[in-house]
Each structure stands twice: as structure tokens, then as C-alpha cells.
Amino acid sequence: MPSTSDAGKTSSEPPQQEAPTKTKIHSIRRYSIGTIMLVQIFAIVVLLVAVNIVAFNYGKQIDLTRQNSVELSKPTLENLKDESVTKRDNPIRIIAVINHNEFAKYQQDSQENVVEHTRTRLQEYADKSNGAIDLEFVNPIIEPGRTQELSEMYDHTFTKSVLIIDARHYIEPSKENFDRIKALNPDSSNEKIIATYKEANRARHVRLLPINDLFYGDVDKFYNNKHFVSAWKDEAEITTNLMRAIEGKPKKVYFLYDKCRLDSKIGGKAPWEYIRSVYQGQNIQLEKISLANLAETVVNGQKMKRIPQDADGIAIISPSVDFTSDELLTLKDYWEVRMSSSVLITLDPEVHLPMLNSYLWKSGIRPRKDRIISKDGEQTLVNAEVEILQGREVN
């Protein structure tokens with residue numbers, strides 16, 4: 001019988017499996033993980049505090065708007081660093097009384113949202129003044145009580161949105177000012193003296209700047225007559241009115257009343273009265289003066305009458321009487337000799353003034369009988385259109 005080898009044998013028994021390896025389980029070190037997390041949280045808090053301290057003390061606003069329309073110019077920053085701004089007993093108040101509905105017609109984007117642009121600009125003034133400017137924003141629609149208080153305080157009815165720039169040092173008169181006014185007006189009561197001081201102080205140191213004066217508005221006739229802001233002039237207007245309010249000294253313009261009409265041909269205010277009311281809001285004092293009563297002096301061996309030296313300007317408003325040769329000599333001396341001379345002239349095209357017109361012609365001014373705006377009863381007649389084109393640099 002043949003033999004068989006072990007290799008050829010087959011077995012029906014299943015193969016034996018290896019025993020599983022035992023894994024050693026370590027305990028979670030919760031204490032060390034918690035400590036690391038606390039250290040990380042503390043480091044983050046310290047980092048945030050440090051960033052805020054650095055940003056507060058050394059922060060800088062970056063103007064990313066078109067044409068750098070928010071960042072203040074160097075002359076304005078120099079004015080805000082002047083001692084007249086920084087060394088005050090009380091801050092300058094700027095109160096923006098803005099009706100948001102008034103500017104809803106303008107395109108609402110980052111550049112032409114009038115309300116937000118004005119708010120951002122004023123905030124820049126306050127930030128750069130280091131606390132010398134105190135800001136307040138009032139919406140007359142939702143804050144009628146505060147609006148009424150401001151109306152009584154500044155003797156103004158807020159039919160349009162305005163900026164109030166109040167640079168008064170004191171609202172009530174000091175004892176020194178009270179005694180000075182009392183000496184000049186011994187018969188006046190104390191209440192009247194205080195009222196007189198407040199009115200004069202407000203006229204010198206308070207400016208009302210209409211929000212509409214901060215920009216040029218335009219209409220896109222090719223796109224559904226859409227309103228938009230074509231250019232901003234807010235910084236120039238705000239800085240000018242701010243410095244005028246701080247200085248407080250009114251400019252003096254002499255009105256040559258003996259050559260001009262003192263009444264109105266159509267009723268209401270005379271032209272000079274209207275201009276005087278406009279000037280008062282700009283801290284300009286319109287004072288009457290007669291050419292006939294000016295003191296005579298000798299100039300280059302010639303006797304002549306001269307405009308007072310303290311004149312910041314003269315006004316010839318709707319003249320009805322022509323000038324004589326001697327009076328034109330006075331006018332010529334003021335205009336050609338004074339380095340800071342300025343003249344306001346308004347003419348009635350129906351009044352013939354050959355002497356004055358001849359002098360104006362020789363000075364490079366050609367009076368004509370046409371006019372841009374006139375009135376026929378209650379109807380306003382507009383004879384010319386003026387367009388301010390975007391991008392034009394007009395001085």
C-alpha cells in the first residue's frame with residue numbers, strides 16, 4: 001500500500017486566530033488643557049486691549065472716498081490747532097439741525113447722501129479739534145421740543161436745514177461788560193442791558209449756515225431728472241464760518257445813502273434793508289454814511305474827501321442820484337489806493353447815471369440794461385440759464 005506524506009494531507013479544522021493586542025488607554029489631562037485655554041484667552045484679551053490703546057492714541061482715519069472728500073485740508077487743520085480754538089474757556093458748539101426728508105431726492109450713495117456726508121465731515125472737525133468742538137445733531141421731525149428750544153435760543157425758525165456755529169465765550173454778560181454797557185446807557189434797565197448784550201454777542205459769534213450751501217445740486221436731464229450732488233464745497237463754507245464766529249469782529253461796510261434810494265418801488269423792504277439783513281448773518285455791519293458830510297483832507301496837494309480808514313468796503317445800492325466829479329474822485333481814491341478795498345454796486349437799469357457809468361467803464365466794468373432775474377408783480381422773470389458743469393474748476 002503506497003504511503004502518503006504530511007504535505008499532501010488536508011485538514012478540515014479552522015485556522016487558529018491571533019489574540020488581539022491590548023491598547024493602553026490614557027486619562028485626559030483636563031487640568032493642563034484648561035490652563036492652556038485660559039492662557040490663550042488672557043493673551044487675546046491683552047492683545048485686544050493693546051490694539052485699542054494704540055488705535056485710540058495713534059489712530060488715523062483713512063479717507064477712501066473719491067477725491068478725498070472727507071479728509072480735512074492742511075489750512076483747516078492749522079486753523080483747528082490755533083490758540084483761538086484750543087485755548088477756550090468752553091467748547092465751540094456746532095449744532096446740525098437737519099431734516100432728512102429735505103435731501104431724500106438726492107442719490108443715496110456713499111458720496112451723495114447729504115446727511116451722512118455732512119455728519120462724517122462734522123465728526124472729522126470734532127475729532128481734529130481735540131475736544132474744542134462739541135457736536136449735536138437734531139432732527140426737527142422727531143425732536144420738535146429740542147428744535148423749539150433752539151428756535152428760541154437763536155431767534156430763528158428752522159424751515160430749512162442749517163448748521164449753527166456758536167463760538168460765544170459767555171452767554172450772560174460778565175460784570176465788566178455789564179458795567180461798560182451800563183455806563184454807555186445809564187437810563188436802560190438791567191434787563192434791557194442783558195438783552196442788548198445777548199443780541200450783540202449772538203450777532204458777533206453765532207453763524208447760521210444752510211446745509212444747501214455745502215454742495216452744488218444738479219439734475220440729470222437724461223436720466224429721469226434725477227437729482228445728484230455735482231460737487232461739495234462744505235469744508236470751505238464750514239471753516240470760513242467757523243473762523244468768523246470765533247473772531248467775532250464784524251467787518252464794516254459803509255452804505256453811501258445820500259446817493260441811493262431809501263425806499264422800495266414795489267413795496268416791502270428797500271434793497272439796502274434786504275442787503276443789511278443778509279450782511280448781519282455774515283457778521284458784516286452795514287453803516288450809513290453821506291459823501292457830502294465826509295471830512296476833507298489834502299492828498300498830493302489836492303483837497304478831497306476820503307472814505308474812512310476803517311472801511312472794509314463800501315456799498316452803492318440802487319443809486320438814484322448821479323455822482324459829481326468830486327465824489328467820483330473820492331470813489332477813485334478809495335478803489336485805486338486802498339489795497340483791501342471792496343465795492344458792492346447794484347444798479348437799477350431804469351435809472352440813467354452817465355457819470356457813474358463812465359467811471360465804471362474806465363475801470364473795466366460795463367453796466368448793461370439786461371438782468372438775470374427780475375419781478376413783474378408777483379411773477380419772477382428769468383432771462384438767463386446758468387449751468388455749473390461737473391468737473392469744471394471755477395474760481
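Student: Which residues are linked with Glu-136 in a network of salt bridges?
Tutor: Arg-93, Arg-146 and Glu-149 are linked with Glu-136 in that network. A salt bridge here is a side-chain nitrogen of Lys or Arg within 4 Å of a carboxyl oxygen of Asp or Glu. This is a predicted model, where local features need pLDDT of at least 70, side-chain atom pairs count only at pLDDT 80 or more, and totals for chains, interfaces and linings use all residues. Residues are numbered from 1 along each chain as its sequence is written, and side-chain values use heavy atoms, leaving out hydrogens and water.

Student: How far apart are the closest N and O atoms of Glu-136 and Arg-146?
Tutor: They are 2.9 Å apart in the Glu-136 to Arg-146 salt bridge. This pair links distant parts of the chain, with Glu-136 in strand β2 and Arg-146 in helix α5 (residues 144-154), 10 residues apart. Helices (H or I, at least four residues) and strands (E, at least two) are DSSP runs, numbered from the N terminus.

Student: And how accessible is Glu-136?
Tutor: Glu-136 has 23% relative accessibility, so it counts as partly exposed. The cut-offs are under 20% relative accessible area for buried, over 50% for exposed, and partly exposed in between, using a 1.4 Å probe and protein chains only.

Student: How many salt bridges does the structure hold?
Tutor: There are 12. One of them joins the side chains of Glu-83 and Lys-87 at 3.7 Å, N to O; both Glu-83 and Lys-87 are exposed.

Student: What about Arg-168 and Asp-166, are they buried or exposed?
Tutor: Arg-168 is buried at 6% relative accessible area, and Asp-166 is buried too, at 5%. Those two form a salt bridge, their closest N and O atoms lying 2.8 Å apart. In general, side chains of opposite charge can pair when their charged atoms come close.

Student: Changing topic: where is Ser-129?
Tutor: Ser-129 sits in the loop between α4 (114-128) and β2 (133-138). With a relative accessible area of 2%, Ser-129 is buried.

Student: Which backbone atoms does the Ser-129 side chain contact?
Tutor: The Ser-129 side chain reaches the backbone oxygen of Ala-126 at 2.8 Å. A polar atom of that side chain also lies 3.1 Å from the backbone nitrogen of Ile-133. For polar contacts, count N or O atom pairs within 3.5 Å; within protein, one must be able to donate a hydrogen and the other to accept it, and residues adjacent in sequence count only if both atoms are side-chain atoms.

Student: Now helix α8: what is its span from first C-alpha to last?
Tutor: Helix α8 (residues 234-247) has 14 residues and reaches 20 Å, close to the 20 Å expected at 1.5 Å a residue. The expected span is 1.5 Å times one less than the number of residues.

Student: Which residues in α8 are buried?
Tutor: They include Ile-238, Leu-242, Met-243 and Ile-246, along with Asp-234 and Glu-235. Just after α8, Gly-248 takes a positive phi of about 75°.

Student: Last one, the whole chain: how many helices and strands?
Tutor: The protein chain has 11 helices and 14 strands. Of its 395 residues, 31% count as buried. Among contacts between residues at least 6 apart in sequence, 69% join residues at least 24 apart, where contact means heavy atoms within 4.5 Å.
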